[in-house]
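Visitor: I have a structure to look at and I am new to it. Could you take me through some of it?

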Protein chains: 2
Amino acid sequence: MQSVAYRSLLGLGEELALLNGVQALLGWDQEVLLPSKGVPYRGRQMAWLVGWAHERFTRPEVGDWLAEAEEEQATVGAGDAVAAANLREWRHRYDRETCLPKRLVEDFALARVEAKAAWAEARRRSDFALFAPHFHRLVDLSREKAAAWGATGGAAYDVLLDLYERGATAARVGEVLEDLRLRLVPLVEEATTRERFDLGRLAGHYPVEKQAAFNREVAESIGFDFEAGRIDTAVHPFCSGMAPEDTRLTTRYDEANFLSSLFGVLHEAGHGLYEQGLPKEWHGQPTGDSVSLGVHESQSRLWENHVGRSLPFWVRWLPRAAEHFPNLAGLAPEDLYAAVNRAELSHIRVEADEVTYDLHIALRFELEQAIIDGSLDLNDLPGEWNRRFESYFGLPVKNDAEGCLQDIHWSMGMFGYFPTYSLGNLNAAHLVAAALSEPAVSAAFDVADYAPLLAWMRERIHRRGSVLLPEALVAEAAGSPASAEPLVAHLRRRYLGEG
Amino acid sequence: MQSVAYRSLLGLGEELALLNGVQALLGWDQEVLLPSKGVPYRGRQMAWLVGWAHERFTRPEVGDWLAEAEEEQATVGAGDAVAAANLREWRHRYDRETCLPKRLVEDFALARVEAKAAWAEARRRSDFALFAPHFHRLVDLSREKAAAWGATGGAAYDVLLDLYERGATAARVGEVLEDLRLRLVPLVEEATTRERFDLGRLAGHYPVEKQAAFNREVAESIGFDFEAGRIDTAVHPFCSGMAPEDTRLTTRYDEANFLSSLFGVLHEAGHGLYEQGLPKEWHGQPTGDSVSLGVHESQSRLWENHVGRSLPFWVRWLPRAAEHFPNLAGLAPEDLYAAVNRAELSHIRVEADEVTYDLHIALRFELEQAIIDGSLDLNDLPGEWNRRFESYFGLPVKNDAEGCLQDIHWSMGMFGYFPTYSLGNLNAAHLVAAALSEPAVSAAFDVADYAPLLAWMRERIHRRGSVLLPEALVAEAAGSPASAEPLVAHLRRRYLGEG
């Protein structure tokens, strides 16, 4: 693909990627550093950048380049899979973006900045009312966006979901998640009634600096490159791959419990390893991007759960942990293994164990469909959350902070994001099973050497960027399409001691 | 001023200010957080933003707006001092920017990002050779810029100096600084041979968190608004007013000496108070900006020196400091006063006392004129620095880190910046003398209540933005033009106990 049209698209892609990285820094900074009074101006900056990029991308000449390059691709470029994938994604984005008025993308960017700040305050005070007007606004703007894409009512959710998981639909994802939920219910019942490790045995003071030092060692050892990344502190742990060589993780610290920040780092470092492993030679092209959130989440859950909650991991790391935290000295790796694999119904998604985690997602998936299709009165979100939560989990919700305000996503206008967490769990179990079926990967895994596992993911997932669509990528990497089977088998082994 | 032309300029100004703030965040982030491998891409982002803003500002229609608005101002708008000042500055910038090719501003932005990173590494290793190619490049680009403005040889320095101190020339500044230097030489000789406070009496361990907590209390008490600002850690302390409500200070910590970070914070908080006090209603207009570095520096030196090194300050703050740092318990305020006013010839500018400080500036002022006019062989910078330093200070320079690599400025291509520090010292002494001539300000100052002093600066300096040019602003605020007199009188009082 050598045409001027295609090369113009590549140039535009690089330019927009530069600006995307700037937006990512502005967003990261808001969550980690920005002083409170700086929020409104940050909103204006963000709206300007988003609006400018929108205008740049939706020019008619970009449409001409696309048409010309598609023509070229269909004829002389037929063998170029990367160009074909780039054109597939550019076309998809162009057809979507050109339907949106600039005013809408600017309003959405501004509303997100303001809503995120209001959410943080509302969560701190545990008061949904402070967040409600921002929530309404984001829902309205999201519906308006979907309507501009010709989707209203139930169909609106599908087009939003596609932003995070290309090619997915609520019906298809719903089927997969319902299948998973039905298999989980008896497993949860059995696992949560077993005797649990007494967390009192981990009681102690874990100074933040010591936790940070330990987490850094662990992240470094699994392959996270600190010359091209960092770890900072934020209310809501996240990972931002804001430039080809600048991937930032955040975590949060609890001085009574070192596991909270550690698992935050393992999870986010999983995202970070994916970002750091993307094909740099395609940076600025759609193929150079991560393919979907369901695949992204497979990488984070892999390191958090399959690695971090495994026995070999603790055989390797407990002695080192005990050097940082002397109160762990009397414990065995099996104790830590038991401590990090306690099945328990609880309120907070990000702290949930692997067995109950997907029930948290099922709740959000149902609710956000009702939010978007209008069947839920938005003012009743806290009540509806609490009712459904109690019916699924058997626990009353004491306040909004442990209820519908616990997650940041809706404050960023991200409706359709949550189900990708469960897809990530399925994908993780599926990919890990395939990787461990190779004796060299498996043998190393058993002695907590994760270099072969990372190499496997690098080659089959990270370096593939977005050449394939997510389902096809996972199927190709693992040799078969993802299903609930490997995850359920993994959970039965880990939580019920089967097989 | 109601014309479409003038309002178009206001709109453009707001847009460019948004982007300026984005650039400021990118620059701040590079110094405080950016991982090393992220530097090249950051350079590309910065170059893009700078290039875009340049193109936007230099469009011919902006020239048309300017001409039309100037016409309007000369007739119906004659009484509007703010509009007149805006047009004065816009015209100056437009005539300058339109002379520069976009390629040059982009290259300069990229070169700065790369040079700043190379400088940090060169300084760490104390090896000028690592920095030399970047230094050459920035000098070349600076000369090229000056040449585009019609200035070569000796005249080139003037047009660069004007970037930091509007209206200043090397000849005029040179006269002022030489007058100051001649008065300082005997004062330095006398002050540095007096008996000095034994710093061993402050020996102890000062944990970073305690220093940070104490510094924050002090900064808050003098009026720095932490809802619209922060303090972070950086190799080179600086202040960035990156948005109307987002002013960030940095400092650096030495656990053996709490005074280093404290005076860093007092100095940068002085800059920050100026930024926080600028007229928000004019944000995005030239009049809403700080007027010059010589005035900016007057505000930082005021809080660092006139306040922070005064006896009343230590009467007020020593007891609190001793709560954070118990080893100070046996000391009297007079001891701290003596400790922070030790006159001593030393290597590092930012740690120099008030008496010897301007000698450091004189050295840099001479050198950077020779750098720009070509009379200094750039490869010989370290040697020339060391020779001149030894002749002025009587001390040999052991390595580049304590020599020509100690300051960040040249690595950011800022030639013409240094003399504004001495102008700042003159302005600070002049403004403080005028403020303290008011009994209410003076009485409060004597009991370490600085609210009246800040109010005086707010009204006469901060809120005036850039309506007047710097010299006129200081003269109007103090009732007479600045001169060396008040600074020398202040130093004689403080260091020789006169008057």
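**A loop residue to start**

Guide: Pro237(A) is found in the loop between strand 1 and strand 2 of chain A; helices (H or I, at least four residues) and strands (E, at least two) are DSSP runs, numbered from the N terminus. This is a predicted model, in which local features need pLDDT of at least 70, side-chain atom pairs count only at pLDDT 80 or more, and totals for chains, interfaces and linings use all residues. Residues are numbered from 1 along each chain as its sequence is written, chains are lettered from A and ligands numbered from 1 in the order in which they are written, and side-chain values use heavy atoms, with hydrogens and water left out.

Visitor: Is Pro237(A) buried or exposed?

Guide: Pro237(A) is buried, at a relative accessible area of 17%. Buried means under 20% relative accessible area, exposed over 50%, and partly exposed in between (1.4 Å probe, protein chains only).

Visitor: Which residues does Pro237(A) touch?

Guide: Leaving out residues up to four places away in sequence, Pro237(A) touches Thr250(A), Thr251(A), Arg252(A) and Glu268(A). Contact here means heavy atoms within 4.5 Å.

Visitor: What confidence does the predictor give?

Guide: Chain A has an average pLDDT of 96, and 100% of its residues score at least 70; pLDDT is the predictor's confidence in each residue, from 0 to 100. For the complex, the predictor gives an ipTM of 0.94 and a pTM of 0.95.

Visitor: Now the two chains. How many residues does each give to the contact?

Guide: Chain A gives 39 residues and chain B gives 38 residues.

Visitor: What area is buried between them?

Guide: About 3,100 Å² is buried between chain A and chain B, and carbon and sulfur atoms give 61% of that. Leu18(A), Tyr41(A) and Trp48(A) supply 22% of the area that chain A buries against chain B, more than any other three residues. Buried area is the accessible area (1.4 Å probe) that two parts lose on being put together, summed over both.

Visitor: How many salt bridges are there between chain A and chain B?

Guide: The count is eight, where a salt bridge is a side-chain nitrogen of Lys or Arg within 4 Å of a carboxyl oxygen of Asp or Glu. One of these salt bridges joins the side chains of Glu14(B) and Arg44(A), at 3.0 Å from N to O.

Visitor: Which elements of chain A are on that side?

Guide: Helix 1 (4–32), helix 2 (39–57), strand 1 (229–233), strand 2 (239–243) and strand 3 (246–251) of chain A each give two or more residues to the side that touches chain B. Helix 1 of chain A gives the largest share, 12 residues.

Visitor: Change of topic. Where does Phe128(B) lie?

Guide: Phe128(B) lies in helix 6 (residues 128–148) of chain B. Phe128(B) counts as buried, at 6% relative accessibility. Not counting residues up to four places away in sequence, its contacts include Phe135(B), Leu378(B) and Cys404(B).

Visitor: And Gln299(A), buried or exposed?

Guide: Gln299(A) counts as buried, at 0% relative accessibility. Gln299(A) is in helix 11 (residues 293–307) of chain A.

Visitor: What is phi for Ser126(A)?

Guide: Ser126(A) has a positive phi of about 55 degrees, although it is not a glycine. Ser126(A) is in the loop between helix 5 (102–125) and helix 6 (128–148) of chain A, and is partly exposed, with a relative accessible area of 22%.
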